[in-house]
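Hi everyone, thanks for making time for this one. I'd like to walk you through a single structure, starting with the fold and then moving to the side chains.

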Amino acid sequence: MAILIKPIVTEKMTEITDLSSQARKKKDGSAPVNCKYGFYVDPSANKIQIKKAVEDKFGVTVLSVNTCNYSGKVKSRYTKKGLIVGKTSAFKKAFVTLKDGDQIDFYSNIN
């Protein structure tokens with residue numbers, strides 16, 4: 001069973017990761033902000049399993065894991081044959097905070 005399904009690579013998540021790494025580089029005496037990364041994970045996985053999976057796969061030190069469960073939404077559409085009702089899949093997101101100085105490069109395996 002794979003705990004990590006895929007990383008979240010969206011504009012919003014990239015902005016959060018970039019902002020946290022830029023704030024870390026500042027020398028203005030503000031509190032250090034650690035890098036945050038997002039992953040879609042197995043809905044039955046707990047925070048300890050997610051932490052271990054990230055540390056094993058990427059070789060980084062995880063400080064904290066925050067999770068969000070999303071339930072599937074009911075969607076409907078009108079067609080020639082009438083109303084078709086369906087449901088989207090439920091999923092779980094995990095937001096991982098790394099130790100100061102650690103970084104994950106999702107694009108290193110691309111040729």
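**Fold and side chains**

Reading along the sequence, you can follow the pattern β-α-β-α-β-β-β-β. That comes to 2 helices and 6 strands, where helices (H or I, at least four residues) and strands (E, at least two) are DSSP runs numbered from the N terminus. Before I go on, please keep in mind that this is a predicted model: local features need pLDDT of at least 70, side-chain atom pairs count only at pLDDT 80 or more, and totals for chains, interfaces and linings use all residues. Residues are numbered from 1 along each chain as its sequence is written, and side-chain values use heavy atoms, with hydrogens and water left out.

How much of the protein is buried? Buried residues make up 28% of the 111 residues. Here buried means under 20% relative accessible area, exposed means over 50%, and partly exposed is in between, with a 1.4 Å probe and protein chains only.

Let's turn to the aromatic rings. A pair of aromatic rings is described by the distance of the centres and the angle of the planes. The rule used here takes rings of Phe, Tyr and Trp (its six-membered ring) as a pair if their centres lie within 6.5 Å; planes under 30 degrees apart count as stacked, over 60 as edge-to-face and the rest as tilted. Searching the whole structure this way gives 6 aromatic pairs. One of them joins Tyr37 and Phe106: the ring centres are 5.8 Å apart and the planes stand at 90°, so this pair is edge-to-face. Tyr37 sits in strand 2 (residues 36-41) and Phe106 in the segment after strand 6 (91-98), so the pair ties together parts that are 69 residues apart in sequence. Tyr37 is buried, at 5% relative accessible area, while Phe106 is partly exposed at 24%.

Another pair is made by Tyr40 and Phe91, with ring centres 5.8 Å apart and planes at 70°, so it is edge-to-face too. Tyr40 belongs to strand 2 and Phe91 to strand 6, so here the parts tied together are 51 residues apart in sequence.

Together with Phe39, Phe58 and Phe106, Tyr37 forms one aromatic cluster. Phe39 also lies in strand 2, and at 2% relative accessibility Phe39 counts as buried. For Tyr37 and Val9, 28 residues apart along the chain, the C-alpha separation is 9.1 Å.

Now for the charged side chains. How many salt bridges are there? The count comes to 1 salt bridge, with a salt bridge being a side-chain nitrogen of Lys or Arg within 4 Å of a carboxyl oxygen of Asp or Glu. Lys52 and Asp56 make it, at 2.9 Å from N to O. Both residues lie in helix 2 (residues 47-58), 4 residues apart, or about one turn of the helix. Lys52 is exposed at 51% relative accessible area, and so is Asp56 at 56%.

Helix 2 also holds Ile48, which is exposed with a relative accessible area of 69%. Ile48 and Val65 are 17 residues apart in sequence and 8.3 Å apart in space, C-alpha to C-alpha.

Lys92, in strand 6, is one I'd like you to look at. Lys92 is buried yet has no salt bridge, and the nearest side chain of opposite charge, Asp42, is 8.2 Å away. (Lys and Arg count as positive and Asp and Glu as negative; His and the chain ends are not counted.) What does the side chain of Lys92 reach? The backbone oxygen of Ala45, at 2.5 Å.

Last stop, the surface. Val74, Tyr78, Leu83 and Val85 form a nonpolar patch there, with about 500 Å² of accessible area together. The elements giving two or more residues to this patch are strand 4 (74-79) and strand 5 (82-87). Patches take residues with over 30% relative accessible area and no salt bridge, joining like charges within 9 Å and nonpolar side chains (Val, Leu, Ile, Met, Phe, Trp, Tyr) within 5 Å. Areas come from the Shrake-Rupley method with a 1.4 Å probe; for residues, only the protein chains shown count as cover. Val85, in strand 5, counts as exposed at 54% relative accessibility.

Technical notes. Lys and Arg count as positive and Asp and Glu as negative; His and the chain ends are not counted. A polar contact is a pair of N or O atoms within 3.5 Å; within protein, one must be able to donate a hydrogen and the other to accept it, and residues adjacent in sequence count only if both atoms are side-chain atoms.
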